[in-house]
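Student: I have just opened a new structure and could use a guide. Could we go through it together, one topic at a time?
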Number of protein chains: 2
Amino acid sequence: MTVRSFAERLSARMEETTSLVCVGLDPDLQRLPPHLTSRKNAAQAVIEFNRAIIEATVDTAAAYKLNLAFFEALGAEGWSVLQATLDIIPGAVPVVADGKRGDIGNSARFYAHACFDLLDFDACTVSGYMGRDSVAPFLDHPGRGVFLLARTSNPGGSDFQAVEYQGRPLYEHVVRTALAWGEPGNDGEKGSLGFVAGASDIEALRRIRALAPDSPLLIPGLGAQGGNSSDVLETIREGSGPVLVNSSRAILYASAGRDFDRAARQAAEALRTSLIPALS
Amino acid sequence: MTVRSFAERLSARMEETTSLVCVGLDPDLQRLPPHLTSRKNAAQAVIEFNRAIIEATVDTAAAYKLNLAFFEALGAEGWSVLQATLDIIPGAVPVVADGKRGDIGNSARFYAHACFDLLDFDACTVSGYMGRDSVAPFLDHPGRGVFLLARTSNPGGSDFQAVEYQGRPLYEHVVRTALAWGEPGNDGEKGSLGFVAGASDIEALRRIRALAPDSPLLIPGLGAQGGNSSDVLETIREGSGPVLVNSSRAILYASAGRDFDRAARQAAEALRTSLIPALS
């Protein structure tokens, strides 16, 4: 039996929803609406918040991304909140574990097991600083996806990712090298290999889209972190691989009142609409 | 009140134990002695294993390193096993969270909170691919330590860490850049900044020790991964910062029988003895 690839499933979902929107779930207790946090324990408040956000955005979101930092910060209950949140998201909607793990092969195998076998995420973000054997165990799961960090949208993203190696920025070397891991004659790629490329460095986004036009892309940093929408739309159209544009805080915290879910829906829907030209 | 730095606490512990040994706790259910796994549930078996290893090695170990991948792979019980393991280790013994986290500032803050505020680890490993704001939140904890990945000992470690930038390998640029973050005029360093430098690339280890002679170092990869002991000893002596030489599998799985704890103690003690010349 052939397993349908993550890239195919993601493309189908994007087509079905006419959406590139990835809703990033970064549940920060300090920013949750007061009426949720005042009466309940932290874990319950976060689950209720996530449920309301998911129910309000599920028909406008192509995918969800769960930022593991915010679940770890809940302590012993973090895992069950993560599990409860995953249970709320319908099975047909791809969900990305944003944990940026990266370790020697033997350890990476255990991270991949937790992510794909235990929690049943569809894809995850991976940091490749430790090289091939730190990424391979995540790609060893047919039907799942990896978004390898290439060029991130944060202020420090250029500290090392943009250093010049053989006339090219390092992130380009990372993308070229990782693509070669999946070539015939190498092990072959079992999961879908994609990349994280922020909207804040449009030149980097262009180069990465050109190098890997068929690969899934996860684009953070549109809007708040400074990315220009029309440049991003144009760049997305230059390739055929499925693209997720992530938005976390701008959707989750669009309102701190009792209307937070409606406000979140509006923000997600506005982003979806603005990105439709990229789908044509 | 001045908080005693992690580097100072680690140096004191090393002197007290005449040891550079860091016992790496990577509890792999498949490799635990059968008499522990046959009767108990996974979480109980791992706690019992960790307890026996810790009790057998605590007077020969300068520190412990808990590899978070192996605890995550235990699922919902992983956090309580982690907590129970930390409770077994006496408070005076430094414990490193080996999670290699690295994310944008806002997320990194949550990882650091989980690591230092909730779990009370003394130090952690951090991946710096995302640059300064991904590392700073971990250094924002006085009395704690960060081991930033510089040159790792795994086969893929050279894929990106060894690329040449301005005539120098990337790992050297990472070390130089990170050291500058803590200089006067910058934010200043609140936690202790150290580095991970594997024993398998002795040239890299030498360069890193020379660049940061006062910084804590975490050295994996001695023995099994090919590092030569006498070269490593010589390099350690070239600086004054506290050094941990990590060994995980060679200690934990020295025997699969009922004598696993005694075998672990022997392996740890043999490593400790072999490293004594580096302390002079």
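This is a predicted model: local features need pLDDT of at least 70, side-chain atom pairs count only at pLDDT 80 or more; totals for chains, interfaces and linings use all residues.

Student: Okay, let's start with the two chains. How many residues of chain A are in contact with chain B?
Tutor: On the side of chain A there are 47 residues in contact, and they meet 47 residues of chain B.

Student: And which parts of chain A supply that side?
Tutor: Several elements of chain A each supply at least two residues to the side that touches chain B, among them helix H5 (78-88), helix H7 (132-139), strand E6 (164-165) and helix H9 (170-181). The one that gives the most is H6(A), with 7 residues.

Student: What sort of residues are they, by class?
Tutor: The side of chain A that touches chain B has 19 nonpolar, 21 polar and 7 charged residues.

Student: New topic, helices. How do the axes of H9(A) and H10(A) cross?
Tutor: The axes of H9(A) and H10(A), the latter covering residues 202-211, come within 10 Å and cross at roughly 15°. The two helices are therefore roughly parallel to each other, and their crossing is right-handed.

Student: Which residues make that contact?
Tutor: From H9(A) come Tyr171(A), Glu172(A), Val175(A) and Arg176(A), while H10(A) brings Ala204(A), Arg207(A), Ile208(A) and Leu211(A). Sorted by class, the contact of H9(A) with H10(A) has 5 nonpolar, no polar and 3 charged residues.

Student: And over in chain B, why is H7(B) said to be largely enclosed?
Tutor: Helix H7 of chain B, residues 132-139, has 7 of its 8 residues buried, so it is largely enclosed by the rest of the structure. The buried residues are Arg132(B), Ser134(B), Val135(B), Ala136(B), Pro137(B), Phe138(B) and Leu139(B).

Student: What covers them?
Tutor: The cover of the buried residues of H7(B) includes H8 of chain A, along with elements of chain B such as helix H6 (105-118), strand E5 (145-151) and helix H9 (170-181).

Student: Now some single residues. What about phi of Lys100(A)?
Tutor: Phi of Lys100(A) is near 50°, which is a positive value in a residue other than glycine. Lys100(A) lies in strand E3 (residues 95-101) of chain A, and with 30 C-beta neighbours inside 10 Å it counts as buried, because 20 or more are needed for that.

Student: And where is Asp120(A), and what is its phi?
Tutor: Asp120(A) sits in the loop between H6 and strand E4 (123-126) of chain A, and although it is not a glycine, it has a positive phi of about 60°. Asp120(A) is partly exposed, with 14 other C-beta atoms within 10 Å.

Student: Last one, where does Arg262(B) lie?
Tutor: Arg262(B) lies in helix H13 (residues 260-275) of chain B, and Arg262(B) is partly exposed, with 14 other C-beta atoms within 10 Å. The C-alpha atoms of Arg262(B) and Glu48(B) are separated by 15 Å, and the two residues are 214 residues apart along the chain.

How values were computed
Residues are numbered from 1 along each chain as its sequence is written. Chains are lettered from A and ligands numbered from 1 in the order in which they are written. Two residues are in contact if their C-beta atoms, placed from the backbone, lie within 7 Å. Helices (H or I, at least four residues) and strands (E, at least two) are DSSP runs, numbered from the N terminus. Ala, Val, Leu, Ile, Met, Phe, Trp, Tyr, Cys and Pro count as nonpolar, Asp, Glu, Lys and Arg as charged, and the others, Gly among them, as polar. Axes are lines fitted to C-alpha atoms, for helices over the stretch in contact, and angles run from 0 to 180 degrees between N-to-C directions. Angles under 35 degrees count as roughly parallel, over 145 as roughly antiparallel, 65 to 115 as roughly perpendicular and the rest as oblique. A crossing is left-handed if the near helix is turned anticlockwise from the far one by less than a right angle, and right-handed if clockwise. A residue is buried if 20 or more other C-beta atoms lie within 10 Å of its own, exposed if 12 or fewer, and partly exposed in between; C-beta atoms are placed from the backbone.
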